[in-house]
Amino acid sequence: GNKVSWYACGPTVYDAAHLGHARNYVSFDIIRRIMEDYFNYDVNLVMNVTDIDDKIIVRARHKHLLTEYKRQKAGLDAQTVQEAEAAFHAFVGAMLGENITGDAGWKLYVNKVGDGKNAQMLEANQKFTMLFDAAQATFEAIVAARQNLAEGTASKEAVDALIMASEDVLSQWLDAQFATTVKDHRIFRDLAA
């Protein structure tokens, strides 16, 4: 019969396995079976799995730095809120290309782009909605943290809520500050485990 040599790029695994990884294998296997069983092709399917690259290294470093940052925070304080604000402004500038000033600047930007599903923005950047959502979650967490401080709530739970809601934004900021301090290569192996 007719022969088909097929090379398919597989997933780049940089965190725990999930259903999205299985989708690659199942989809290609279904297509291969249809080609073999219904069209009588002799298919040689090869798929790679990338298990190390820059994404994996950065992801492991982000996770490590965020874990260490969270461990060092006994409770919510003004410094932590200021750090979250600095991370937020850096993220919005670098990832969304906006130089905003204060809460009013972010609210104006939100009014301009709507809920993050703005077609023009998505056309310019396919990851816009994901990035916008991360920034919005961080903004809301900062507002809540300020309110907690104003009400005298400086608990470990309050600081953990701020860090968890802004983890994507904070981890990039922490990486920009402290990436060169990460020397223990076990963090990279631990991510894959």
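Reply: Two residues are said to be in contact when their heavy atoms lie within 4.5 Å. The model discussed here is predicted. By that criterion, Glu83, Ala84, Ala86, Ala87, Phe88, Ala90, Phe91 and Met95 of helix H3 meet Val169, Leu170, Gln172 and Trp173 of helix H8. By class, this contact of H3 with H8 has 10 nonpolar, one polar and one charged residues.

Me: What makes H3 roughly perpendicular to H8?

Reply: Angles from 65 to 115 degrees count as roughly perpendicular. Helix H3 (residues 78-95) and helix H8 (residues 167-178) pack at an angle of about 90°, and their axes are 8 Å apart. The pair is therefore described as roughly perpendicular.

Me: Why are H2 and H8 also called roughly perpendicular to each other?

Reply: The angle between helix H2 (residues 54-72) and H8 is about 95°, with 9 Å between their axes. Since the range for roughly perpendicular is 65 to 115 degrees, H2 and H8 receive that description. On the H2 side the contact is made by Arg61, His62, Leu65, Leu66 and Tyr69, and on the H8 side by Glu167, Leu170, Ser171, Gln172, Leu174, Asp175 and Phe178. The contact of H2 with H8 has, by class, six nonpolar, three polar and three charged residues.

Me: Why does Ile100 count as buried?

Reply: A residue is buried when its relative accessible area is under 20%. Ile100 has a relative accessibility of 8%, so Ile100 counts as buried. Ile100 is found in the loop between H3 and helix H4 (102-113). Leaving aside residues up to four places away in sequence, Ile100 touches Phe88, His89, Val92, Gly105, Trp106 and Tyr109.

Me: What share of the protein chain is buried?

Reply: Buried residues make up 33% of the 193 residues in the protein chain. The chain exposes about 12,100 Å², of which carbon and sulfur atoms supply 54%.

Me: What pattern do the helices and strands follow along the sequence?

Reply: The protein chain has nine helices and two strands. Read along the sequence, they follow the pattern β-α-β-α-α-α-α-α-α-α-α.

Notes:
Residues numbered from 1 in each chain as written. Predicted model: local features only at pLDDT ≥ 70, side-chain atom pairs only at ≥ 80, totals over all residues. Heavy atoms only, no water. Axes fitted to C-alpha atoms, helices over the stretch in contact; angles between N-to-C directions. Helix = DSSP H or I, 4+ residues; strand = E, 2+ residues; numbered from the N terminus. Parallel < 35°, antiparallel > 145°, perpendicular 65-115°, else oblique. Nonpolar A, V, L, I, M, F, W, Y, C, P; charged D, E, K, R; others polar. Buried < 20%, exposed > 50% of the residue type's maximum accessible area, 1.4 Å probe, protein only. Areas by Shrake-Rupley, 256 points an atom, 1.4 Å probe, with all protein chains shown as cover.
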